[in-house]
Amino acid sequence: MPEGTLEVTLISAKGLENTDVFCNMDPYVAISYRSQEKKSSVASGKGSNPEWNETFLFDVSSNDSTDLKVRIMDSDAGTADDLVGHARQVALADFVTYKKLIPLDTLFQDGDIPATSYNVMKDDKYCGEIRLSLNFTAQKSRGFDPTDGNIGGWKQSDRD
């Protein structure tokens, strides 16, 4: 497992199921990676098609999970916030299944996943989409690198 920085850019959502009966909902997003959680600003009155364009950074260590959790919430004054849904990656096999998390294995190998739409699900029911881009910057290893030319503290001179 690599070490470094995970960068999540929350772009927008569309077609979210409105949890408010009398007005547009005020959505925000909670993004969790291991014990780290970040929350977006509240898109006040933006309803089913909010835009955020916010970036969040997470520290990745060698013991970390390879999954990202994304929850879309509706901010409510005076009462508990309502869950709109969870972002899930769709996996196609013999039939369509929904995974509750966004796996990051590919990101750790490739370093970048461009803006991608993920289904928002609640109780196994589709309720919109959320758009994210992901970037991973690996931390340079501090261990021995035999290709750097330093052996035992001595470096071969470039002079002839």
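Residues are numbered from 1 along each chain as its sequence is written. Because the model is predicted, local features require pLDDT of at least 70 and side-chain atom pairs count only at pLDDT 80 or more, while totals for chains, interfaces and linings use all residues; side-chain values use heavy atoms, with hydrogens and water left out.

Helices (H or I, at least four residues) and strands (E, at least two) are DSSP runs numbered from the N terminus, and two strands pair if DSSP finds at least two bridges between them. Strand 5 (residues 67–74) pairs with strand 2 in the antiparallel sense over six bridges, and I31 has V70 of strand 5 as its bridge partner.

A nonpolar core is a set of buried Ala, Val, Leu, Ile, Met, Phe, Trp, Tyr and Cys residues joined through side-chain atoms within 4.5 Å; buried denotes under 20% relative accessible area, exposed over 50%, and partly exposed in between (1.4 Å probe, protein chains only). The largest such core comprises 31 residues, of which L6, L68, V70, I130 and L134 touch the most other members. At least two residues of this core are supplied by each of strand 1, strand 2, strand 4 (51–60), strand 5, strand 6 (82–88), helix 1, strand 10 (112–122) and strand 11. Strand 11 provides the largest share, five residues.

Contact is defined by heavy atoms within 4.5 Å. Residues up to four places away in sequence not counted, I130 touches several residues, among them L10, S12, V29, V70, I72 and Y118. S12, which lies in strand 1, is buried at a relative accessible area of 17%. Apart from neighbours within four places in sequence, S12 is in contact with P50, E51, W52, I130 and R131.

Two aromatic pairs were found in a search of the whole structure. Rings of Phe, Tyr and Trp (its six-membered ring) pair if their centres lie within 6.5 Å, with planes under 30 degrees apart counted as stacked, over 60 as edge-to-face and the rest as tilted. The ring centres of F108 and F136 are 4.8 Å apart and the planes stand at 70°, so this pair is edge-to-face. Because F108 belongs to helix 1 (residues 105–110) and F136 to strand 11 (residues 125–138), the pair ties together parts 28 residues apart in sequence. F108 is buried at 13% relative accessibility, as is F136 at 7%.

Two salt bridges are present, each a side-chain nitrogen of Lys or Arg within 4 Å of a carboxyl oxygen of Asp or Glu. In the pair formed by E17 and K125, the closest N and O atoms are 3.1 Å apart. This pair links distant parts of the chain, 108 residues apart, with E17 in the loop between strand 1 (4–14) and strand 2 (27–33) and K125 in strand 11. E17 is partly exposed at 39% relative accessibility, and K125 is partly exposed at 48%. E37 forms a salt bridge with R71, with a closest N and O separation of 3.6 Å. E37 lies in strand 3 (residues 36–39) and R71 in strand 5, so the pair ties together parts 34 residues apart in sequence.
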